[in-house]
Amino acid sequence: MANQVAKKITIAAYLTNDAVKNQINKVVGGKNGDRFISSLMSAVQTNQTLQECTNGSLVNAALLGYTLNLSPSPQLGYFYMVPYNNHGTLEAQFQIGYRGLLQLAMRSGQYRKINAVPIKEGEFVSYNPLDESIEVNIIQDPEAREKAPTIGYYAMFEYLNGFRKEMYWSRGQMEAHARRYSKSYGSGPWKTDFDKMAIKTMLRQLLGHYGIMSIDMEAGFLGDQAVIDYRDGQLTPRYVDSTPEGAIASAQEEISESANTQEIDVAPEAPQKAAGPAEQNTQRTKSATQSNHQEQAEAIPQPDF
């Protein structure tokens, strides 16, 4: 317990260390270093258990969020720094929230529409998976709709060129998926905010399988639910094999399955501008010339929520 108290005290001192400040400044730029430290401290101070995590894992998770131009504030829900017990050592994993997924998708400049919503009892009529057509009768009274039980989840996107993709899962499908992939199913946010977790799952499934991936979106997906290390100027996801009792959650934190330990380098990137046609071609060319990188990414057991 004494060591945990000491770590709580030294997080601020850790951020004033010259080597740490140099690392932060290399990623965020000198003029933004103070703002980054302030936002990180604010996020950590709201969570007692988070303060007990290793300082390096906290800084690196926040740095990855910064490179994606996402705020670490848990109230905004763009991404979370979630404490995990890694063989007796608490480390903060980077976990992107559904709002963060929406932000990255919208910034890519590829999507005309993107949405994910719960379907309430009495609304669902039919869903045809062959042509992805869904028929629903939406409850018009917002208050009545909010109180109605959720029986399924719908997600869709439409590109600027008109290509459209839709997906519907029943609540039973979602529960089966969560039981299979989430070691913390039945506790934490899956218990306190099932719909929120389900919406993220739908977006991950839809965008991960069918969406155009900008550089930022790719980094966000690869970093999701990983401890972020900093080596040789790179922010590197490390997928930690955690035990079920090792997951420490609060109602604001998103807990998902963790994968076996593997590494992929994700270089810090400046926030991406909306991609135009020329940039789209560049990204496609880059993807074609980086098949080894893609194969390595596909080999990782990617979390589904």
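**Close-up 1. Charges over aromatic rings.** A charge is taken to sit over a ring if NZ of Lys or CZ of Arg is within 6 Å of the ring centre and within 35 degrees of the ring normal. Lysine 165 lies over the face of tyrosine 210, at 4.2 Å from the ring centre, and arginine 171 lies over the face of phenylalanine 194, at 4.1 Å from the ring centre. The model is predicted, so local features need pLDDT of at least 70 and side-chain atom pairs count only at pLDDT 80 or more, whereas totals for chains, interfaces and linings use all residues. Residues are numbered from 1 along each chain as its sequence is written, and side-chain values use heavy atoms, with hydrogens and water left out.

**Close-up 2. The stacked pair of phenylalanine 79 and phenylalanine 94.** Eleven aromatic pairs are found in a search of the whole structure, where rings of Phe, Tyr and Trp (its six-membered ring) pair if their centres lie within 6.5 Å, and planes under 30 degrees apart count as stacked, over 60 as edge-to-face and the rest as tilted. Phenylalanine 79 and phenylalanine 94 are stacked because their ring centres are 5.1 Å apart and their planes are at 25 degrees. Phenylalanine 79 is buried at a relative accessible area of 0% (buried means under 20%, exposed over 50%, partly exposed in between, with a 1.4 Å probe and protein chains only), and phenylalanine 94 is also buried, at 0%.

**Close-up 3. The aromatic cluster of Tyr111, Phe157, Tyr159 and Phe163.** Within this cluster, tyrosine 159 and phenylalanine 163 form a stacked pair, 5.4 Å centre to centre with 25 degrees between the planes. Tyrosine 159 is buried, with a relative accessible area of 7%, whereas phenylalanine 163 is partly exposed at 39%.
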